[in-house]
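Please read these points with the model open beside you.

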Amino acid sequence: MKKTALNLIALVLLAGTASASEFDLTSFSAADVRSAMADVKAPAPQPQAGDDLVGLDMNVRIPFKTLKKAVNMVAASEKRLTVMDQNAPVIYKSGDFLKIGNIQVDANGIIVNPVLTLKPYLEGRDKFAVRVQRVQIHAAMEPSVKAVAPAIDQEQIMVQVMDVMIKGVYSAVNDFLKKKQIPMKAQDVVKLSYDKAAWTLHAQVSSKIMGQFVPPGLVGDLHLTGFSFNEAGLVITVQTAN
């Protein structure tokens, strides 16, 4: 800040119509500058009109390896979810769809190893959905459960799998917010719900968390406006409001 202020002083002197000889600078020293600048502090950001805010339009690339790390974070918070093989992928592209595998879920005593074929898509601004196109399930009862294994109802199993995933995501996000000392809850960042009739997970995302990292009055509200994926990972488009 001091360097910036000194640069501004120099610019004012250079831009003025008067010449240097018209200023009495004979007794002006570096010590005087340091003394004058000793109490200078960066001003607090002031709210700005919409037209003055910085606008952003960016594509965020999220590699599948990063998504696997996120799943491991979820598994660390939700003990009913386990990544089976750390050397194998968890999320990957398969034709026009995404696949999730290499996970194990404890669905109320039924150990499930699902392979899910998913179709993610944008429902609208800040609204994201993932439809389950196909389910392949290998399930077994826990050894400690002494009961006859029930017939596998895929719809009900998916409800339980999604319940584990949703609670795991909330728990992982809450752990992150607590670690960063951000006074927010996971539901303030993303709201998740599963429609079992449509086999679709819905997500409503929020940019409120950005306010914890960006000074107020600098950048407009951020919104999720686009989504795609390729062999390497996901591509998310984030823009400020028009």
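**Notes on the salt bridges**

1. Beyond its neighbours within four places in sequence, Glu78 is in contact with Val164, Lys167 and Gly168 (contact means heavy atoms within 4.5 Å).

2. A word on the source: this is a predicted model, in which local features need pLDDT of at least 70 and side-chain atom pairs count only at pLDDT 80 or more, while totals for chains, interfaces and linings use all residues. Residues are numbered from 1 along each chain as its sequence is written, and side-chain values use heavy atoms, with hydrogens and water left out.

3. Where is Glu78 placed? Glu78 is in the loop between helix H3 (64–77) and strand E2 (81–83). Helices (H or I, at least four residues) and strands (E, at least two) are DSSP runs, numbered from the N terminus. Glu78 counts as buried because its relative accessibility is 12%. The cut-offs are under 20% relative accessible area for buried, over 50% for exposed, and in between for partly exposed (1.4 Å probe, protein chains only).

4. How many salt bridges are there? The count is four, where a salt bridge is a side-chain nitrogen of Lys or Arg within 4 Å of a carboxyl oxygen of Asp or Glu.

5. One of the salt bridges joins the side chains of Glu78 and Arg80, at 3.0 Å from N to O. Glu78 is the residue already described as buried, at 12%. Arg80 has 25% relative accessibility, so Arg80 counts as partly exposed.

6. Another salt bridge is between Asp163 and Lys167, whose closest N and O atoms are 3.5 Å apart. Both residues belong to helix H4 (residues 154–179); they are four residues apart there, so about one helical turn separates them. Asp163 is partly exposed, with a relative accessible area of 30%. Lys167 also counts as partly exposed, at 43% relative accessibility.

7. Which residues are linked in a network of salt bridges? Glu78, Arg80, Asp163 and Lys167 are linked in this way. Lys167 is also among the residues in contact with Glu78.

8. The side chains of Glu231 and Lys93 also form a salt bridge, at 3.6 Å from N to O. Glu231 lies in the loop between strand E10 (222–229) and strand E11 (233–240), and Lys93 lies in strand E3 (residues 91–94), so this pair ties together parts that are 138 residues apart in sequence. Glu231 counts as exposed, at 63% relative accessibility, whereas Lys93 is partly exposed, with a relative accessible area of 25%.
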